[in-house]
Every structure is written in structure tokens, then in C-alpha cells.
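Please keep the sequence and the structure in view while reading.

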Amino acid sequence: MPGTLFVVATPIGNLDDITLRALRILNESDLIAAEDTRHTRKLLRHYKISTPLVSYHDHNKETRTPELISRLQTKANIALVTDAGTPVISDPGFFLICRAIEADIPIVPIPGVCAAITALSVSGLPSDKFLFVGFLPRKKNKRTQALQELKEETNTLIFYESPRRLLATLLELIDIMGDRKGVFARELTKYHEEIIRGRLFQIIETVTDRTSIKGECTLLIEGKKEEQDTSQPSVVEQLRRLRNDPDISLKDAVKIVVEEYGLSRNRVYREALKIWKGYPI
Ligand code: SAM
């Protein structure tokens, strides 16, 4: 029997976010294959684990994979970890797992944290269906093309983004997809954890005054909304309620409803005119 390849999730910040099983597997494995051995050594030191480490990343996968497969075939148990979160999710490991499957090596997941799911869980955006996009391409034209392709997606979208590109990405998202609801999750599980919810433009307004945006960032935006029928009771009722408030103008009411329901301004305006002026447009 060959050994087992364990795919082990590690914390994305707070070192307490690791399972008892993950610690036991890291302790008992013959070898840990880590994206950055210096980074993983800090985690191992914290938990007093002395299992030997080798590096495994995208630049050495071609040479390292056959070595690891050969160790597994000679009964070694190997734990695969990355710098943070779940291996393979925007992280190294896919190549090794494919080769291990081909070689009939048992592969066991040791689940734990993933930044995308952690952010989604507190986002308040629909989580019944979502699309994990990960990192967008760096080149401008490829990024734009990727966003154009995602424009019609109706499910919540999850992006990993570098803080340096965040503002540019938010502006491009608004250009291509409109000012949708979004959530900016920074430094999750860490001391400077920050979660900003609002329209994309509001997120820009909140972070734009800072001299710099630092740390690990995950960005979520709502999927494309089916244009709701503006004559549906809730929208009409809301407009009627606003009409009864003498301090709220037609313009204010349209703004409030557009914001609340994510509808096109034009359509809400038409509906508001019916109520304010008494005639359809
Ligand atoms: N495999 C990891 C996982 O399961 O989440 C993701 C690895 S990917 C190379 C790293 C990216 O994940 C970061 O650039 C950031 O977008 C996101 N990320 C990681 N840690 C985070 C955190 N503490 N808060 C917010 N986003 C985080």
C-alpha cells in the first residue's frame, strides 16, 4: 500500500483557526510539502510540530512532483499545505493532486479555512449560489474581457484582489457591471479585520481617503439582478409611502428606491411620475 497525500487547510491569519485533525496530521506525517517553508515553519513552531518540510510551489512543481509521488509510493504520508487557507484554491497543489490520482495514491482532504467562504459567510450577499472567480488577469485587456464575460452572471461573484489594484478594479467593475452591492473584506481573522458593505461606489468613498490600502483583500459583488417589474407592489408601495412624506421630493424618492431595489433609475422614475403626477409615461 502507498502512503497518503493529505491536503491540509491552514489559517488565513489567526493561528487558532486550525482543526485538531489538521494538527494531528501535520504532526504524524512523514513530510510536509509547503508553498513557502519559512511561512509554514512559523505555524509549526507555534504548535511545536517538528515534521520535516520541503517546498512545493508553481516554480518547482515539475521537478518536485515526481519526488513526492515516489515518496508516497514508498509508503510515506505527505501533508500538502500552502501559506494560507485551502491548498489548490488560487494556490499550488493541483498538479500534484492530478499526478497522485493517476498514480492511485489515496488523497484525503483535511478541511478548514478558505478566505472566499469566510468572506461570503459574513457578506450578507446571496450565498445559495455563488461563483468563485479568484484573481482576475493582471493585463488590462484580459481583465476587461474577464469582467465583460462575468457581466451577465446572476450569482454572487467572489474575487481575490491585491490591495494595490483594488480601486482600479472597483472602478472597472462599476463601468462594466454598474454600481452593484458589494462587500470588501480585508485582513479577515486578523487584528485589522475590516468588512465594508455597500454599493461599490460607497466602498470606493470609504477607502479612497486612505494613504494606502494594506493587507489581504477579498471582494464580493452581487450578481446581475433580473430587472424587477417596477409595478410590483413592494416598489409601488414604497413609492406611495415616500409620497406621503412632505419632506421627500420625487427625486429623493427615486434615489431611495433605486438604491434599495437596485433597479434602473429610468424605470423607477416612470413609476414615481405615475404616483406624483398621476399620469403614466
Ligand atoms: N488558498 C487560499 C484560500 O483558501 O483562501 C487563498 C490563497 S490566495 C494566494 C491569497 C488571496 O486570498 C489573497 O490575495 C486574498 O485575496 C485572499 N485572502 C487570503 N487571506 C485573506 C484574509 N485574511 N482576508 C481577506 N482575504 C484573504
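Predicted model: local features only at pLDDT ≥ 70, side-chain atom pairs only at ≥ 80, totals over all residues.

## Surroundings of the ligand

There are 19 residues around the ligand, and those that come nearest are Ile-89, Ala-115, Tyr-160, Cys-217 and Thr-218. Thr-218 places a polar side-chain atom 2.8 Å from a nitrogen atom of the ligand. Thr-86 takes part through its backbone: one of its polar backbone atoms is 2.8 Å from an oxygen atom of the ligand.

## Packing of helices

Two packed helices are described by the angle between their axes and the distance between those axes.

| Helix pair | Angle between axes | Distance between axes |
|---|---|---|
| Helix 3 (residues 61-73) and helix 4 (residues 94-102) | roughly 40° | within 10 Å |
| Helix 7 (residues 166-177) and helix 8 (residues 200-207) | about 155° | 9 Å |
| Helix 10 (residues 250-261) and helix 11 (residues 265-277) | about 135° | 9 Å |

Helix 7 and helix 8 pack at an angle of about 155°, which makes helix 7 roughly antiparallel to helix 8. Their crossing is left-handed. On the side of helix 7, the contact is formed by Leu-166, Leu-167, Leu-170, Leu-171, Leu-173 and Ile-174, while helix 8 contributes Leu-200, Phe-201, Ile-203, Ile-204 and Val-207. By class, the contact of helix 7 with helix 8 comprises eleven nonpolar residues, no polar and no charged ones.

The axes of helix 3 and helix 4 cross at roughly 40°, and the two helices are therefore oblique to each other. Helix 3 and helix 4 have a right-handed crossing. Here Lys-61, Glu-62, Thr-65, Leu-68 and Ile-69 of helix 3 meet Phe-95, Leu-96, Arg-99 and Ala-100 of helix 4. The contact of helix 3 with helix 4 consists of five nonpolar residues, one polar residue and three charged residues.

For helix 10 and helix 11, the angle is about 135°; these helices are therefore oblique to each other. The crossing of helix 10 with helix 11 is right-handed. Helix 10 supplies Leu-250, Lys-251, Ala-253, Val-254, Val-257 and Val-258 to the contact, and helix 11 supplies Arg-265, Val-268, Tyr-269, Ala-272, Leu-273 and Trp-276. In the contact of helix 10 with helix 11, ten residues are nonpolar, none is polar and two are charged.

Note on methods
Residues numbered from 1 in each chain as written. Heavy atoms only, no water. Axes fitted to C-alpha atoms, helices over the stretch in contact; angles between N-to-C directions. Helix = DSSP H or I, 4+ residues; strand = E, 2+ residues; numbered from the N terminus. Parallel < 35°, antiparallel > 145°, perpendicular 65-115°, else oblique. Left-handed = near helix turned anticlockwise from the far one by under 90°. Contact = heavy atoms within 4.5 Å. Nonpolar A, V, L, I, M, F, W, Y, C, P; charged D, E, K, R; others polar. Near = heavy atom within 4 Å. Polar contact = N/O pair within 3.5 Å; in protein donor to acceptor, adjacent residues only side chain to side chain.
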